[in-house]
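Hello,

Here is the structure I promised to pass on to you. Have a look at it first, and then read my notes on what turned up.

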Amino acid sequence: MIKLIPRVENSKVMILLSPLLAMTLTALTALIIFIFILDDIKVSSVFFTLFVLPLTDSYLFPELLVKAAPLMIIGLGLSIGFRAGIWNIGAEGQYVIGGIAGGAVGLYFYNVEGFWLLPLMAIASILGGMFYASIAAFLRIRYQVNEILVTLMLTYVAVLFLSAMLQGPLRNPAGFNFPESRIFHDSAMLPIIWEGTRLHIGFIVAIILSFVAWFGIKKHMFGMQIKITGSAPRAAKFAGFNDNKTVLYSLLISGGLAGLAGFFEASGPAGQLTPGLPQFYGFTAIIVAFLARLHPIGILFSALLIALSYVGGEEVQIEYNLPSSITQIFQGMLLFYFLACDILIKYKVVLNKTKN
Amino acid sequence: MSKVRFSSILKLTVLSTVLAFTSNVSADPVKAAFVYIGPTGDHGWTYAHDEGVKYAKEKLGDDVIMTTIENVAENSDSERVITSLARKNDIVFTTSFGYMNPTVKVAKRYPDVKFEHATGYMLEDNVSVYSARFYEGRHVIGKIAGRMTESNVVGYIASFPIPEVIRGINSAFLAAKSVNPDVQIKVVWVYSWYDPGKEADAANALIAQGADVLMQHTDSTAAMTVAEENGVYAFGQASNMREWGPNAQLTGIINDWGPYYADRIAAVRDGTWSSSDTFAGVQQGMVKFAPMNNNMPTEVKNEAMQAIIDLSMGKIHPFTGPINKQDGSPWLAEGETPPNFPDLLTMDFYVEGIDSQYPN
């Protein structure tokens with residue numbers, strides 16, 4: 001029998017090193033897989049294309065940042081709720097509703113120029129995402145309905161709502177009846193911060209937000225509250241923290257940020273609303289949040305890492321004709337090794353001689 | 001590592017020297033790339049494109065180097081993939097509607113690269129569009145379905161309510177009704193091109209509603225498998241799905257992109273490529289059929305064969321008036337056939353007699 005016994009003291013060094021260890025193990029496993037499926041000459045070049053090229057290539061690097069930005073923003077929001085044990089699994093739905101809300105404002109003011117349009121779209125998207133997450137908060141607070149199920153189910157509703165909007169009011173009148181909106185006009189498009197690329201201002205916002213969240217969790221009362229509610233719910237009650245408030249604020253924050261990310265996607269790289277708006281950012285951001293151990297600054301790095309697996313995965317597909325599942329395999333391995341490392345930091349493995 | 005590199009460099013040098021001496025043609029091979037929406041193993045839409053790529057490769061041999069990339073979602077990721085391909089290729093084929101705006105955006109940035117977008121409508125100097133008249137195929141299977149159904153309910157698994165799919169439903173219904181006035185068509189929308197789970201669910205739901213013949217405008221073989229299990233009939237979609245429904249598959253609509261791909265890549269090689277708008281059907285050989293199943297009565301088979309012959313000679317049009325729209329308003333007058341634009345390319349209504357509600 002193998003048993004896991006809690007360690008008396010967790011190694012501080014290992015806690016810091018374990019993400020690096022997980023990455024190294026993932027890379028090693030990748031190497032072993034490549035050695036088996038590829039001939040020798042290709043192994044090093046595939047490895048290079050997958051993990052290094054996206055960081056060094058002048059086209060791929062900004063694309064990596066573009067891909068990471070929504071993961072950062074959604075991951076940040078989720079991490080706050082996760083700290084308090086509020087499981088918003090449906091950020092994807094809030095992202096879609098935010099995208100629709102922001103996009104609808106932009107389309108309503110089609111061809112109207114003005115500096116006020118983008119902020120207005122941003123506010124609409126945040127409110128849209130907040131509203132959508134608040135449904136789960138209401139049901140949980142009022143009727144004790146599990147927020148995991150509600151947020152997840154509402155994701156499907158959101159995707160169908162997007163379809164309906166693109167068949168109806170938001171459809172491009174000159175678009176041959178295809179379910180797509182018009183392409184946004186310039187005032188409704190995010191400013192590009194790196195000339196000649198698709199890198200938009202949302203990336204800066206993501207970085208600012210992560211520092212705000214870091215500061216908030218450290219200094220603000222609410223940060224304290226969610227931390228205690230998550231780790232010691234009874235203590236939180238004794239301290240007089242309002243459980244309902246924690247649920248509501250956690251969901252509003254994660255919903256609002258997911259909504260904002262939806263708007264950044266629609267007004268950034270997409271430039272219009274299409275049925276392709278949902279692209280699993282809301283779900284992938286869960287991995288991002290946990291890889292960073294819910295730490296706001298860590299999320300910046302874990303989002304970049306996951307984005308690297310996407311961009312690098314595409315490139316090896318193009319260059320070496322490897323299957324597209326390679327991206328998912330790496331994301332899965334990364335999370336697996338990371339969680340395994342964490343378990344081994346907290347527990348030690350003991351071979352138990354069964355006495356009976 | 002350095003040994004490996006050195007030997008590969010050596011090999012390359014030797015190889016290129018040999019090549020330089022043996023080949024008289026000085027031109028480099030054309031680099032062609034294909035973006036797929038699904039996996040090549042879908043045995044439907046993407047599989048058919050991939051078969052076309054293989055055909056073109058066989059035909060053009062060393063004149064072309066092919067790159068394919070599968071499972072590219074129709075979202076902002078596709079623009080990155082298309083850009084990556086445009087940086088390294090002479091011609092890029094994007095084989096789904098949702099790639100239209102990204103294709104056009106990238107094409108503006110890479111004016112020297114040629115682009116070919118399937119099923120869209122935006123032409124540029126370096127962007128061609130091409131599509132097939134799948135509704136001609138629907139006409140043939142509609143006739144068969146009308147004859148073969150005993151419950152008079154034909155089930156239709158549809159992807160997205162876009163004109164191409166609507167044309168298919170209308171064409172199949174009109175053909176079925178022309179041989180069986182009592183036939184009804186039930187449509188289930190799965191809002192996906194490739195989702196075997198949802199497609200199977202839709203097939204089961206339609207069978208539960210009494211459908212004994214299934215049609216699909218989605219890309220997997222899931223519905224065919226369900227049809228085989230339930231002893232109902234179905235039609236292959238985009239490729240021959242006989243393997244999944246030896247008894248169920250009556251025939252199938254096959255998309256044959258091979259000759260088109262070979263022509264277009266050869267045009268790049270020869271320097272004769274120019275932007276064009278292709279909308280080809282049975283007549284041009286872009287829409288073909290899987291072998292007719294022997295479990296069909298000979299008369300039904302002959303009727304279908306006749307329809308194929310008539311289509312290939314341009315003698316009939318699946319949409320020939322009088323046809324009213326679902327709400328009863330007239331669409332085509334007696335003997336009238338619709339133009340490509342706007343009627344066919346923007347179709348957003350059901351024809352009269354279809355019982356289902358138009359998705360809005």
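A:N111 sits in the loop between α5 and α6 (117–143) of chain A; helices here are DSSP runs of H or I with at least four residues, strands are DSSP runs of E with at least two, and both are numbered from the N terminus. A:N111 is not a glycine, yet its phi is positive, about 65 degrees.

Some housekeeping before the rest. This is a predicted model, in which local features need pLDDT of at least 70 and side-chain atom pairs count only at pLDDT 80 or more, while totals for chains, interfaces and linings use all residues. Residues are numbered from 1 along each chain as its sequence is written, and chains are lettered from A and ligands numbered from 1 in the order in which they are written.

Helix packing in chain A

Two packed helices are described by the angle between their axes and the distance between the axes. Helix α5 (residues 91–108) of chain A packs against helix α7 (residues 147–167) of chain A at about 30 degrees, and their axes are 7 Å apart. That angle makes α5(A) roughly parallel to α7(A). (Axes are lines fitted to C-alpha atoms, for helices over the stretch in contact, and angles run from 0 to 180 degrees between N-to-C directions; under 35 degrees counts as roughly parallel, over 145 as roughly antiparallel, 65 to 115 as roughly perpendicular and the rest as oblique.) The crossing of α5(A) past α7(A) is left-handed, meaning that the near helix is turned anticlockwise from the far one by less than a right angle, whereas clockwise would be right-handed.

Which residues make the contact? From α5(A) they are A:E92, A:G93, A:V96, A:I97 and A:I100, and from α7(A) they include A:T151, A:L154, A:V159 and A:M165. Two residues are in contact if their C-beta atoms, placed from the backbone, lie within 7 Å. By class, this contact has nine nonpolar, three polar and one charged residues; Ala, Val, Leu, Ile, Met, Phe, Trp, Tyr, Cys and Pro count as nonpolar, Asp, Glu, Lys and Arg as charged, and the others, Gly among them, as polar.

Where the chains meet

The contact between the chains takes 27 residues from chain A and 32 residues from chain B. On the chain B side, the elements that give two or more residues are α1 (2–22), β2 (64–69) and α3 (76–88). Of these, α3(B) gives the most, with eight residues. Sorted by class, that side of chain B has 15 nonpolar, eleven polar and six charged residues.

Two domains in chain B

Chain B is divided into domain 1 (28–132 + 257–280) and domain 2 (134–247 + 286–344), with bounds that come from an automatic or database domain assignment. Their centres, taken over C-alpha atoms, are 28 Å apart. In chain B, 15 residues of domain 1 are in contact with 15 residues of domain 2. On the domain 1 side, α2 (45–60) and β11 (277–280) of chain B each supply at least two residues, and α2(B) gives the most, with four residues.

The sheet in chain B

Chain B has an open sheet of six strands in the order β7-β6-β8-β9-β10-β12, with mixed pairing; two strands pair if DSSP finds at least two bridges between them. Its edge strands are β7 (184–189) and β12 (287–289) of chain B, each pairing on one side only. From one strand to the next, the twist averages 20 degrees. Strands β6 (residues 153–158) and β8 (residues 213–216) of chain B run parallel and are joined by four bridges. Within that pair, B:G155 stands opposite B:L214.

Helix α6 (residues 163–179) of chain B packs on the sheet, where it touches β6, β7 and β8 of chain B.

Cis peptides

Finally, two cis peptide bonds to look at in chain B. One joins B:G321 and B:P322, with omega about 5 degrees, and B:P322 lies in the loop between α10 (298–312) and β13 (323–324) of chain B. Another joins B:F341 and B:P342, with omega about 0 degrees; B:P342 is found in helix α11 (residues 340–344) of chain B.

Best wishes
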